[in-house]
Amino acid sequence: MTTQTRKFWGWGVEEADLDDAQKRELARTMAQRFGLSGIEPVPPPRIEEIALPAPRIRPPDSLAALCSTDPYDRAGHTYGKAFKDVVRAYARDFSVAPDQVAFPRSEADVTALLDWCSSANVAAIPYGGGSSVVAGIEPDVGDAYAGTVSIDMMHLDRVLEVDPISRAAHIEAGIYGPALEEALRPHGLTLRHFPQSFEFSTLGGWIATRSGGHYATLYTHIDDFVQSLRVITPTGAVESFRLPGSGAGPSPDRMFIGSEGALGVITAAWMRLQHRPTFRANASLTFPAFTQAAEAVRAISQAGLYPANVRILDETEALNNGVADGSVAVMVLGFESADHPLDAWIGRALELCRDHGGTVPQGAGGSTDDPSVSRKGQAGAWRDAFIRMPYFRDALVGMGFVSETFETAITWDRFPDFHRQVMAETKRVVEQVCGQGSVSCRFTHAYPDGPAPYYSITAPGRKGSQLEMMAEIKAAASETVVRLGGTITHHHAVGRYHRPWYDKQRPEGFGRALAAAKKALDPAGVLNPGVLIDPVR
Ligand SMILES: Cc1cc2nc3c(=O)[nH]c(=O)nc-3n(C[C@H](O)[C@H](O)[C@H](O)COP(=O)(O)OP(=O)(O)OC[C@H]3O[C@@H](n4cnc5c(N)ncnc54)[C@H](O)[C@@H]3O)c2cc1C
């Protein structure tokens, strides 16, 4: 077995990063696309080049064996994986590195770490896979704390029990996506939750951020799969009952799902599972315009068909992903079942697509038990580009580009005007700040009452000014999204980056209740200060 090395400064593992030839090819392609010259790949940071501030705190002797000040550990726990994070990594700026990185091996270790943090005024930052794109794990907590400790949950990584009768499993929070699926496979079961970051993110991180999986309808967020939770807070453990549903007051699980490490450390969860799908039906089709494709998605969502995938890519997004020539919008449609053939479902969905101007390729849409179908054709091309994209993004940032995404959700009645205005405002600000650039949209998820649009920006930036350029673009786009009634995030979470807009979106009374909950569970205000809600200390 080959061992791979996690990049301390960006997405994924060093071994899978673009090689020099791929980077040069990318530079050439981007120079051609934007009519630029002098685009050169730059070397990524090396750990020996990073000057970290001296640790300000030391753990008590009883916890010393769990804690590390190794530069690789500290640098690797400084940033998530957003554009802004990678820009600062290329600038060799790791000035907000955690003072200590702790690797608890048990729930008792987590309790002891939180006791220490509460009594010593140390900010405690729960860490899953570090794939946050909203600065959820960045120890940038200001001067009010004696220091910071990143609590990496990687050793709490077991599937403790599988209940095949109720189709559920008791799973520790630090387990990564691939290991989790590997453990469930012999039981013929799957969590069937595949965020794009699946490979490098954890169950606890998904629950703490209300992550959205790859499947576009029905079970979209991790919320849908949580049966019960166990959370360690500075005032003790909180555990909910395992139930298929309950009307006993507000749900305790709902309080912790999406709590982003600000209320406690999720150590384990009972998760609802599904049988592994055996029947599949897929089709890729085109539409003359994105708006028509969107109307087809609405019709499918409201017909009760619940496709596993009903992703639409606008003309630019389809071009950028290499699945069309930029003149048409593309829909990738897919159904899955562990129980029945899907001809009737996909047949009806394709009928609805035709009604809305979709061009369906001859013979598309038959049900099959061949699992490789989703890896072929436009769907396969899109999937491959999707998986590799974060590596390309890291390289682009090094070349001085501005490259970021934002995502939201909005009801169908407001979607057309919302989308028009968000696109117009984002293009305007991108052109103002960068001179030119590409802004594109796809749907990640679709509900009977509205879609979740996902916008991507790629534009030439100026090295040394990329952070300011993106801050201006992000602010304009976020203001527009929230002003028009969209959510500041459908699944990327709030973290530190989305705070200004989340604070506007959050109802005032709910904000007070959340602050009171934080005070009750984390009286010293040490848990992940800066995300979601400010501690009252
Ligand atoms: C390339 C890329 C693709 C992405 N695709 C998706 C996607 O498809 N869908 C999606 O929803 N998101 C996506 N994300 C965002 C990110 O992967 C998710 O937010 C993910 O859920 C974070 O999981 P993690 O284990 O990496 O958590 P981390 O990034 O380590 O932490 C995220 C937040 O959760 C808290 N936290 C982590 N573990 C625990 C715990 N055990 N207890 C309490 N709090 C905890 C942290 O304090 C932090 O606030 C993507 C990110 C990248 C870089």
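User: Within what distance must a pair of cysteine sulfur atoms lie to be a disulfide?
Analyst: A disulfide is a covalent bond between the sulfur atoms of two cysteines. For this predicted model, a pair of cysteine sulfur atoms is taken as a disulfide within 2.5 Å.

User: How far is the sulfur of Cys117 from the closest cysteine sulfur?
Analyst: Cys117 is buried, with a relative accessible area of 0%. Its closest cysteine sulfur belongs to Cys67 and is too far away for a bond. The distance from the sulfur of Cys117 is 8.5 Å.

User: Which cysteine has the sulfur closest to that of Cys353?
Analyst: Cys353 also counts as buried, at 0% relative accessibility. Its sulfur is 17 Å from the closest cysteine sulfur, too far for a bond. That closest sulfur is in Cys441.

User: How many disulfides does the structure hold?
Analyst: A pair of cysteine sulfur atoms must be within 2.5 Å to count. The number of disulfides in the structure is 0.

User: Which helix gives the most residues to the shell around the ligand?
Analyst: Strand E3 (122-127), helix H6 (203-209) and strand E10 (265-272) each supply at least two residues of the shell. The highest contribution is 5 residues, from H6.

User: What share of the ligand's exposed area does the protein bury?
Analyst: An oxygen atom of the ligand is 2.8 Å from a side-chain N or O atom of Thr209. Taken alone, the ligand exposes 960 Å². The share of this that the protein buries is 96%.

Methods: Residues are numbered from 1 along each chain as its sequence is written. This is a predicted model: local features need pLDDT of at least 70, side-chain atom pairs count only at pLDDT 80 or more; totals for chains, interfaces and linings use all residues. Side-chain values use heavy atoms; hydrogens and water are left out. A polar contact is a pair of N or O atoms within 3.5 Å; within protein, one must be able to donate a hydrogen and the other to accept it, and residues adjacent in sequence count only if both atoms are side-chain atoms. Accessible areas come from the Shrake-Rupley method with a 1.4 Å probe; for residues, only the protein chains shown count as cover. Helices (H or I, at least four residues) and strands (E, at least two) are DSSP runs, numbered from the N terminus. Buried means under 20% relative accessible area, exposed over 50%, partly exposed in between (1.4 Å probe, protein chains only).
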